[in-house]
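Have the structure open while you read.

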Amino acid sequence: MTNVEALRAFYARYITAKGACRDPRIEDAFAMVEREKYLGPGPWNAYTLTGYVSTDTSDPAVLYQDILIGLKTDQGINNGEPSLHARCLDAAAISPGETITHIGSGTGYYTALLALLTGEAGRVTAYEINPGLGAHATSNLAHLAHVRVLDESGADAVLPRSDLIYVSAGATHPLNGWIEALNESGRLIFPLTPNRGLGGMLLVTRVAADSYAAKFICPATFIECIGARDDATGESLVNAFESNTHDAVKSLRRKTPADQSAWFVGDDWWLSTSEPLDAAD
Ligand SMILES: C[S@@+](CC[C@H](N)C(=O)[O-])C[C@H]1O[C@@H](n2cnc3c(N)ncnc32)[C@H](O)[C@@H]1O
């Protein structure tokens, strides 16, 4: 085993332990996918809250840490935090053969992990709105016949019907197009993010025709998902997240009046602290 392979194996073990992953396939997947193939030539820029820090070295060993790496530093676009994605990929409970939609693929690192988890019997459709990044994702993922990358917005497109929609950019609301593309038992994972401060990764599961379980997986900050933000909702979400009560959320309700169980009320959707509606309700 080379040094980089040993480091990648440790990284996979570390980030999946940090992400409290239960499915051992998540560790296996992180141990297999070579992060350096998705990040362009080094040295790389590691993101911190006070700015980027150069790795100085182009040795890929440096990438096997729980750090964000700049993809387009002038636009603040980063390859996201490995332990956050490990936790979310575990929560996604991907079965082999599932149809997955990834919105905001960047250069394709987490798309490759999704592709590995669904396997060749599955399909992954990735959307990337930034043409330069989308082109890199297309070439980086060309070896995976069950993956296609579309150079367009995953907020405006009519999505394929999906078992999992995995969004890697921050939205102020679950788009109707995302919810309506979910198969029965389908999951939507997206960063629900306020205009400032921490938001959370929200897992929405379609449990019956128009009934949705919802729960927050972990805190999150992300750059914006273009076309999936509303300024007034983002402002209201600031207060909602500051109350630090979001762990009580249990279901997503749509197109019905909110009741006293509401944690947050959006335009035609709300998050409830009550269990999802029974199909019979
Ligand atoms: C935080 S970056 C993550 C990139 C990638 N998932 C990674 O971690 O390496 C978010 C990405 O979402 C893309 N994006 C933002 N809005 C989008 C939209 N409406 N449709 C598709 N991609 C979008 C951005 O261009 C950016 O590449």
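Let's start with T101, whose bridge partner in β8 is I165. Bear in mind that this is a predicted model. The two strands involved are β5 (residues 99–103) and β8 (residues 162–167), and they pair in the parallel sense over four bridges.

Zooming out, we find an open sheet of 10 strands with mixed pairing, in the order β7-β6-β5-β8-β9-β10-β11-β12-β14-β13. Its edges are β7 (147–150) and β13 (262–265), each of which pairs on one side only. On average, and ignoring direction, neighbouring strands in this sheet are turned by 20° against each other. Helix α3 (residues 82–92) packs on the sheet, where it touches β8, β9 (182–192), β10 (199–208) and β11 (211–220). The direction of α3 makes about 165° with that of β11.

Next, a hairpin. Strands β3 (residues 69–72) and β4 (residues 77–79) run antiparallel and are joined by three bridges. In this pairing, I69 stands opposite N79 in β4. Four residues sit between the two strands of the hairpin, and G76 takes a positive phi there, near 65°.

N79 turns up again at the ligand: of the 26 residues around the ligand, N79 comes nearest along with G80, G104, E128 and I226.

| Residue | Protein side | Ligand atom | Distance |
|---|---|---|---|
| G80 | polar backbone atom | oxygen | 2.8 Å |
| E128 | polar side-chain atom | oxygen | 2.6 Å |
| G154 | polar backbone atom | nitrogen | 2.9 Å |

How much of the ligand does the protein bury? Taken alone, the ligand exposes 600 Å², and the protein buries 97% of that.

Last stop: T107, found in the loop between β5 and α4 (109–118). Is T107 buried or exposed? With a relative accessible area of 6%, T107 counts as buried, because the cut-off for that is under 20%. A polar atom of the T107 side chain lies 2.5 Å from the backbone oxygen of Y38. Y38 is also among the contacts of T107 once its neighbours within four places in sequence are left aside; the others are L71, L133, H136, A137 and N140.

Terms used. Residues are numbered from 1 along each chain as its sequence is written. This is a predicted model: local features need pLDDT of at least 70, side-chain atom pairs count only at pLDDT 80 or more; totals for chains, interfaces and linings use all residues. Side-chain values use heavy atoms; hydrogens and water are left out. Two strands pair if DSSP finds at least two bridges between them. Axes are lines fitted to C-alpha atoms, for helices over the stretch in contact, and angles run from 0 to 180 degrees between N-to-C directions. Contact means heavy atoms within 4.5 Å. A residue is near a molecule or strand if one of its heavy atoms lies within 4 Å of it. A polar contact is a pair of N or O atoms within 3.5 Å; within protein, one must be able to donate a hydrogen and the other to accept it, and residues adjacent in sequence count only if both atoms are side-chain atoms. Accessible areas come from the Shrake-Rupley method with a 1.4 Å probe; for residues, only the protein chains shown count as cover. Buried means under 20% relative accessible area, exposed over 50%, partly exposed in between (1.4 Å probe, protein chains only).
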